[in-house]
Amino acid sequence: MNPLIVALDTADLGRLSDLAGAVGPSAGHLKVGLQAFGAHGPAAVEAAAAHAPVFCDLKLHDIPTTVAGAAAAIAGLGVGMLTVHASGGPDMVAAAVRAAPRVRVLAVTVLTSLDDRALARVGQPAAGLQVPRLARLALDAGAGGLVCAPTDVAAVRSAVGPDVVLVVPGVRPAGTGADDQARVATPAEALRAGADHLVVGRPVTAAADPGAAARALAAELGASGRPARA
Ligand code: C5P
């Protein structure tokens with residue numbers, strides 16, 4: 001199983017389709033997020049799905065009935081993985097899992113854009129407490145895995161054990177810039193810390209030759225030797 005997930009963050013459907021064609025052969029999944037889905041909806045998923053399994057990253061967070069309806073609709077597009085916010089609560093996570101039984105429902109614990117000060121302002125405990133709490137809540141509700149930052153992956157892995165699928169964004173191949181990601185790791189570091197899937201966007205999509213960048217990254221990941229779970 002190829003651990004590389006390439007994030008196709010663009011509002012241009014033609015560009016998304018070209019990128020998917022170029023990087024799809026080197027990727028385990030292609031990620032369609034809010035920008036592409038907001039601009040083109042299911043057509044963005046279809047364009048990506050022509051080249052690799054799709055990870056639909058819309059981070060659902062609403063009442064359980066609404067999230068169940070959305071998860072079922074997204075599952076109907078044939079995606080392999082989708083995301084919900086663990087902070088929506090156990091009933092909401094369970095509703096998504098029931099509504100999309102053939103899709104891996106991943107739970108986002110605490111957004112990596114929130115530091116402890118920002119969490120305090122919304123009345124939440126520090127990330128060191130909140131991340132493991134929400135991880136446990138989501139898994140008990142049936143989530144098929146978790147999304148976590150490179151800096152959290154080792155702690156989350158030791159808290160949840162070896163069998164939980166962990167998807168890690170903010171990955172930067174050695175020698176590339178961090179863009180606006182504050183807490184980054186190289187692919188080898190993230191895999192060593194316990195990641196199963198690595199989300200990489202701009203280091204691949206903004207490269208002069210995205211296909212070559214994805215091939216190089218896939219080769220680097222293959223060489224690291226830790227197989228990802230499906
Ligand atoms: O371009 P870059 O590699 O930074 O893209 C990372 C992708 O992962 C983006 O699509 C971003 O929305 C997503 N993501 C993230 N941090 C999270 C969750 C998702 O960067 N905690």
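**Helix pairs and salt bridges**

Helix α4 (residues 64-75) packs against helix α5 (residues 90-99) at an angle of about 30 degrees, and their axes lie 8 Å apart. Because angles under 35 degrees count as roughly parallel, over 145 as roughly antiparallel, 65 to 115 as roughly perpendicular and the rest as oblique, α4 is roughly parallel to α5. Axes here are lines fitted to C-alpha atoms, for helices over the stretch in contact, with angles running from 0 to 180 degrees between N-to-C directions. The elements themselves are DSSP runs numbered from the N terminus: helices are H or I with at least four residues, strands are E with at least two.

Before going further, please keep in mind that this is a predicted model, in which local features need pLDDT of at least 70 and side-chain atom pairs count only at pLDDT 80 or more, while totals for chains, interfaces and linings use all residues. Residues are numbered from 1 along each chain as its sequence is written, and side-chain values use heavy atoms, with hydrogens and water left out.

On the α4 side, P64, V67, A68, A71 and A72 make the contact, and on the α5 side D91, M92, A95, A96 and A99 do, where contact means heavy atoms within 4.5 Å. Sorted by class, this contact has 9 nonpolar residues, no polar ones and 1 charged. In that sorting, Ala, Val, Leu, Ile, Met, Phe, Trp, Tyr, Cys and Pro count as nonpolar, Asp, Glu, Lys and Arg as charged, and the others, Gly among them, as polar.

Now look at helix α1 (residues 13-23) and helix α3 (residues 42-49), whose axes come within 8 Å and cross at roughly 25 degrees. That angle makes α1 roughly parallel to α3, and their crossing is right-handed. Here L13, L16, S17 and A20 of α1 meet A43, A44, A47 and A48 of α3. The contact holds 7 nonpolar residues, 1 polar and no charged ones.

How many salt bridges does the model have? The count comes to 6, taking a salt bridge as a side-chain nitrogen of Lys or Arg within 4 Å of a carboxyl oxygen of Asp or Glu. One of them joins R172 and D179, at 3.1 Å from N to O. R172 is buried, with a relative accessible area of 6%, whereas D179 is partly exposed at 47% (buried means under 20%, exposed over 50% and partly exposed in between, with a 1.4 Å probe and protein chains only). D179 also forms a salt bridge with R202, the closest N and O atoms being 3.8 Å apart. This pair links distant parts of the chain, 23 residues apart: R202 sits in helix α10 (residues 202-205), D179 in the loop between β7 (166-168) and α9 (187-193). R202 is partly exposed, at 36% relative accessible area.

Elsewhere, salt bridges that share partners join K31, D57 and K59 into one network. Within it, D57 and K59 meet at 2.9 Å, N to O. D57 is buried, at 7% relative accessible area, and K59 is partly exposed, at 28%.

Most residues other than glycine have a negative phi. K59, although not a glycine, has a positive phi of about 45 degrees.

How values were computed:
A crossing is left-handed if the near helix is turned anticlockwise from the far one by less than a right angle, and right-handed if clockwise.
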